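Here is a short walk through one protein chain, written for someone who likes to check contacts and areas by eye. Have the viewer open and follow along.

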Amino acid sequence: MTEFGYHILNALVTDLEPDASVKAAMNEIETNKRMRAAREERAEANKNVMIKAAEAEAESKHLQGQGIANQRDAIITGLRSSIGVGEKISPSR
(Lines give C-alpha, C1' and ligand atoms only; values in the text may rest on other atoms or scores of the structure.)
Protein backbone atom coordinates (compact mmCIF):
# COMPACT_ATOMS: atom_id res chain seq x y z
CA MET A 1 0.00 0.00 0.00
CA THR A 2 3.04 2.25 0.21
CA GLU A 3 2.85 2.87 -3.52
CA PHE A 4 -0.54 4.49 -2.91
CA GLY A 5 0.73 6.56 0.03
CA TYR A 6 -0.51 4.37 2.88
CA HIS A 7 1.71 2.81 5.53
CA ILE A 8 0.08 -0.04 7.46
CA LEU A 9 1.48 -0.22 10.99
CA ASN A 10 -0.88 -2.78 12.57
CA ALA A 11 -3.62 -5.00 11.29
CA LEU A 12 -6.28 -6.59 13.53
CA VAL A 13 -6.95 -10.24 12.62
CA THR A 14 -10.24 -11.44 14.06
CA ASP A 15 -11.06 -14.63 12.21
CA LEU A 16 -8.29 -17.19 12.03
CA GLU A 17 -9.05 -20.44 10.25
CA PRO A 18 -6.34 -23.09 10.76
CA ASP A 19 -5.94 -26.00 8.39
CA ALA A 20 -8.37 -28.91 8.86
CA SER A 21 -5.59 -31.28 9.96
CA VAL A 22 -4.48 -28.76 12.62
CA LYS A 23 -8.07 -28.43 13.83
CA ALA A 24 -8.43 -32.22 14.00
CA ALA A 25 -5.18 -32.56 15.94
CA MET A 26 -6.23 -29.86 18.42
CA ASN A 27 -9.64 -31.48 18.88
CA GLU A 28 -8.02 -34.86 19.47
CA ILE A 29 -5.71 -33.38 22.11
CA GLU A 30 -8.66 -31.80 23.93
CA THR A 31 -10.67 -35.01 23.69
CA ASN A 32 -7.80 -36.99 25.19
CA LYS A 33 -7.44 -34.50 28.05
CA ARG A 34 -11.13 -34.77 28.87
CA MET A 35 -11.11 -38.57 28.62
CA ARG A 36 -8.12 -38.74 30.96
CA ALA A 37 -9.88 -36.47 33.46
CA ALA A 38 -13.03 -38.61 33.24
CA ARG A 39 -11.01 -41.79 33.89
CA GLU A 40 -9.39 -40.17 36.91
CA GLU A 41 -12.79 -39.11 38.26
CA ARG A 42 -14.18 -42.64 37.79
CA ALA A 43 -11.16 -44.15 39.52
CA GLU A 44 -11.53 -41.74 42.44
CA ALA A 45 -15.24 -42.55 42.73
CA ASN A 46 -14.51 -46.31 42.71
CA LYS A 47 -11.84 -45.79 45.36
CA ASN A 48 -14.32 -43.91 47.56
CA VAL A 49 -16.92 -46.66 47.14
CA MET A 50 -14.37 -49.31 48.13
CA ILE A 51 -13.26 -47.30 51.17
CA LYS A 52 -16.85 -46.83 52.34
CA ALA A 53 -17.55 -50.55 51.88
CA ALA A 54 -14.45 -51.46 53.90
CA GLU A 55 -15.42 -49.01 56.65
CA ALA A 56 -18.95 -50.45 56.76
CA GLU A 57 -17.59 -53.99 56.97
CA ALA A 58 -15.22 -53.01 59.79
CA GLU A 59 -18.09 -51.38 61.70
CA SER A 60 -20.22 -54.48 61.14
CA LYS A 61 -17.47 -56.76 62.50
CA HIS A 62 -17.03 -54.46 65.49
CA LEU A 63 -20.74 -54.55 66.29
CA GLN A 64 -20.85 -58.34 65.84
CA GLY A 65 -17.98 -58.63 68.32
CA GLN A 66 -19.82 -56.46 70.82
CA GLY A 67 -22.96 -58.58 70.38
CA ILE A 68 -21.04 -61.82 70.98
CA ALA A 69 -19.37 -60.29 74.05
CA ASN A 70 -22.78 -59.23 75.40
CA GLN A 71 -24.15 -62.76 74.80
CA ARG A 72 -21.26 -64.35 76.65
CA ASP A 73 -21.65 -61.88 79.51
CA ALA A 74 -25.36 -62.76 79.76
CA ILE A 75 -24.54 -66.50 79.73
CA ILE A 76 -21.99 -66.07 82.53
CA THR A 77 -24.42 -63.96 84.56
CA GLY A 78 -27.11 -66.62 84.12
CA LEU A 79 -24.77 -69.42 85.12
CA ARG A 80 -23.63 -67.53 88.20
CA SER A 81 -27.19 -66.90 89.32
CA SER A 82 -28.25 -70.52 88.71
CA ILE A 83 -25.40 -72.10 90.66
CA GLY A 84 -25.28 -69.42 93.31
CA VAL A 85 -21.69 -68.28 92.93
CA GLY A 86 -20.93 -65.74 95.59
CA GLU A 87 -22.75 -67.72 98.27
CA LYS A 88 -20.84 -70.00 100.52
CA ILE A 89 -21.08 -73.51 99.28
CA SER A 90 -21.66 -75.95 102.14
CA PRO A 91 -20.12 -79.43 102.10
CA SER A 92 -23.61 -80.95 102.20
CA ARG A 93 -24.38 -79.77 98.75
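Let's begin with a pair of charged side chains: E44 and K47 meet in a salt bridge, at 3.8 Å from N to O. This is a predicted model, so side-chain atom pairs count only at pLDDT 80 or more. Both E44 and K47 sit in helix α1, 3 residues apart, which is about one turn of the helix. How buried or exposed are these two? E44 counts as partly exposed, at 39% relative accessibility, and K47 is also partly exposed, with a relative accessible area of 44%.

The structure holds 4 salt bridges, and E44–K47 is one of them. Another joins E55 and K52, again at 3.8 Å from N to O. E55 and K52 are separated by about one helical turn, because they are 3 residues apart in helix α1. Here the two partners fall into separate classes: E55 is partly exposed at 46%, while K52 counts as exposed at 57% relative accessibility. The cut-off that matters is 50%, since exposed means over 50% relative accessible area.

Then there is the salt bridge between E17 and K23, whose closest N and O atoms are 2.4 Å apart. E17 is exposed, at 56% relative accessibility, and K23 is partly exposed at 36%.

| E44 | K47 | 3.8 Å |

Now for the helix itself. The secondary structure of the protein chain comes to 1 helix and 0 strands. That helix, α1, has 64 residues and reaches 94 Å from its first C-alpha to its last, close to the 94 Å expected at 1.5 Å a residue. Just after α1 comes G84, which takes a positive phi of about 75°.

How does the overall shape look in numbers? The C-alpha trace spans about 135 × 25 × 15 Å along its principal axes. The radius of gyration of the protein chain is 40 Å, whereas a compact globule of 93 residues would have one near 12 Å. As for burial, 1% of the 93 residues count as buried. The chain exposes about 9,000 Å², and carbon and sulfur atoms supply 57% of that area.

The segment before α1 deserves a stop too. D19 has its place there, and D19 is exposed, with a relative accessible area of 52%. A polar contact of 2.8 Å joins the side chains of D19 and S21. For a sense of distance along the chain, take D19 and N48: these are 29 residues apart, and their C-alpha atoms are separated by 44 Å.

Y6 is also found in the segment before α1, which runs over 20-83. Y6 is exposed, at a relative accessible area of 54%.

How values were computed: Residues numbered from 1 in each chain as written. Predicted model: local features only at pLDDT ≥ 70, side-chain atom pairs only at ≥ 80, totals over all residues. Heavy atoms only, no water. Helix = DSSP H or I, 4+ residues; strand = E, 2+ residues; numbered from the N terminus. Buried < 20%, exposed > 50% of the residue type's maximum accessible area, 1.4 Å probe, protein only. Expected span 1.5 Å × (residues − 1). Rg over C-alpha atoms; globule rule 2.2 N^0.38 Å. Areas by Shrake-Rupley, 256 points an atom, 1.4 Å probe, with all protein chains shown as cover. Polar contact = N/O pair within 3.5 Å; in protein donor to acceptor, adjacent residues only side chain to side chain.
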